[in-house]
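Here is a brisk report on one protein model. Keep the sequence and the 3D view open as you read.

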Amino acid sequence: MRRKLVAANWKMHGSRDANRALLAAVAASLPGSCDVVVFPPFPYLAELIAAHAGIGFGGQDVSAHAAGAYTGEVAASMLRDIGCGYVLVGHSERRQYHHEDDALICAKLERALEQGITPILCVGETLDQRRQGVTEAIITAQLHAPLQALGERIARIAIAYEPVWAIGTGHTASAAQAQAAHAFIRSQLAARDAKLSRMIRVLYGGSVKAANASDLFAQPDIDGGLVGGASLVAEEFLAICAAAR
Ligand code: PGA
């Protein structure tokens, strides 16, 4: 049985005071029935980790390089150093605005795994791609390079299915649409290794909120959520966590 994981992707939101207050409110009432990991903006990570021992933390991004003259980059070893257990890799906003391709994404996965950090690999189709009926082909393509590059180490990652048309739009995939994509992802993993496909957690992301979390999390192949906007409101995020059992 896979324990559910609910991840809060705060993106580039908040301030030192606001983020301290948000996390304090969340930490005070976490249900304990699922794993929770928070992805604050980099400047606030170390301070929040020090203040909240019981919660998982992660970086929203990581360098493809291990160390060196890469101005502005953050190394996986640094994330580990301050206590991060997770990192987001291949988020659609990074693919879109920072032109991240498969080779870069694979390098980031490698750097995270070298440091014992669990990467959450994000995949998902755009609205045009869904309309063209190529959702499965896109997911297959996005999984192909990581499956090739990581081999058996793929067992150490988590996956987030995030249809781009559902991110930040309020248009959540229906539970049936999400389940179909998750089952497809699991079939791709099963083609590699049946045991592996049963182990890996596949999260759904894209306008998850308290009102739809229970339906989504009740699907057999949905192992939790990657939550953006709704993770910025403590009550809403806590209700989503409570739905993950
Ligand atoms: P959203 O973002 O919940 O605001 O749609 C999800 C994500 O981008 O991870």
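His99 counts as exposed because its relative accessibility is 66%; exposed means over 50% relative accessible area, buried means under 20%, and partly exposed lies in between (1.4 Å probe, protein chains only). This is a predicted model, in which local features need pLDDT of at least 70, side-chain atom pairs count only at pLDDT 80 or more, and totals for chains, interfaces and linings use all residues. Residues are numbered from 1 along each chain as its sequence is written, and side-chain values use heavy atoms, with hydrogens and water left out.

**Loops with positive phi**

His99 sits in the loop between helix H4 (92–97) and H5. Helices (H or I, at least four residues) and strands (E, at least two) are DSSP runs, numbered from the N terminus. Phi of His99 is near 55°, a positive value in a residue other than glycine. Lys11 also has a positive phi, near 50°, and is not glycine. Its loop lies between strand S1 (5–9) and H1. Lys11 counts as buried, because its relative accessibility is 19%.

**Two helix pairs**

Two packed helices are described by the angle between their axes and the distance between the axes. Axes here are lines fitted to C-alpha atoms, for helices over the stretch in contact, and angles run from 0 to 180 degrees between N-to-C directions.

| Helix pair | Axes come within | Crossing angle |
|---|---|---|
| H1 (residues 16–28) and H2 (residues 42–51) | 11 Å | roughly 40° |
| H1 and H11 | 9 Å | roughly 35° |

H1 crosses H2 in a right-handed sense. A crossing is right-handed if the near helix is turned clockwise from the far one by less than a right angle, and left-handed if anticlockwise. Which residues of H1 and H2 make the contact? H1 supplies Arg16, Asn19, Arg20 and Leu23, and H2 supplies Tyr44, Glu47 and Leu48. Contact means heavy atoms within 4.5 Å. These residues divide into 3 nonpolar, 1 polar and 3 charged. Ala, Val, Leu, Ile, Met, Phe, Trp, Tyr, Cys and Pro count as nonpolar, Asp, Glu, Lys and Arg as charged, and the others, Gly among them, as polar.

The crossing of H1 with H11 is right-handed. Leu22, Ala25 and Val26 of H1 meet Ala234, Phe237 and Leu238 of H11. The contact of H1 with H11 has 6 nonpolar residues, no polar and no charged.

**Nonpolar cores**

A nonpolar core is a set of buried Ala, Val, Leu, Ile, Met, Phe, Trp, Tyr and Cys residues joined through side-chain atoms within 4.5 Å. The largest one has 62 residues. Val6, Ile159, Ile185, Tyr204 and Phe217 have the most contacts inside it. Helix H11 (residues 234–243) gives the largest share of this core, 6 residues. Leaving aside neighbours within four places in sequence, Phe217 is in contact with residues including Val6, Val208, Ile222 and Ile240. A second, separate core has 12 residues, among them Leu5, Val37, Tyr86 and Ile120.

Ile139 lies in helix H7 (residues 135–150). Its relative accessible area is 0%, so Ile139 is buried. Beyond four places in sequence, Ile139 is in contact with Tyr161, Ala181, Phe184 and Ile185.

Glu110 is in helix H5 (residues 102–114). Is Glu110 buried or exposed? Glu110 counts as buried, because its relative accessibility is 17%. Leaving aside neighbours within four places in sequence, Glu110 is in contact with Ala149, Leu150 and Arg153.
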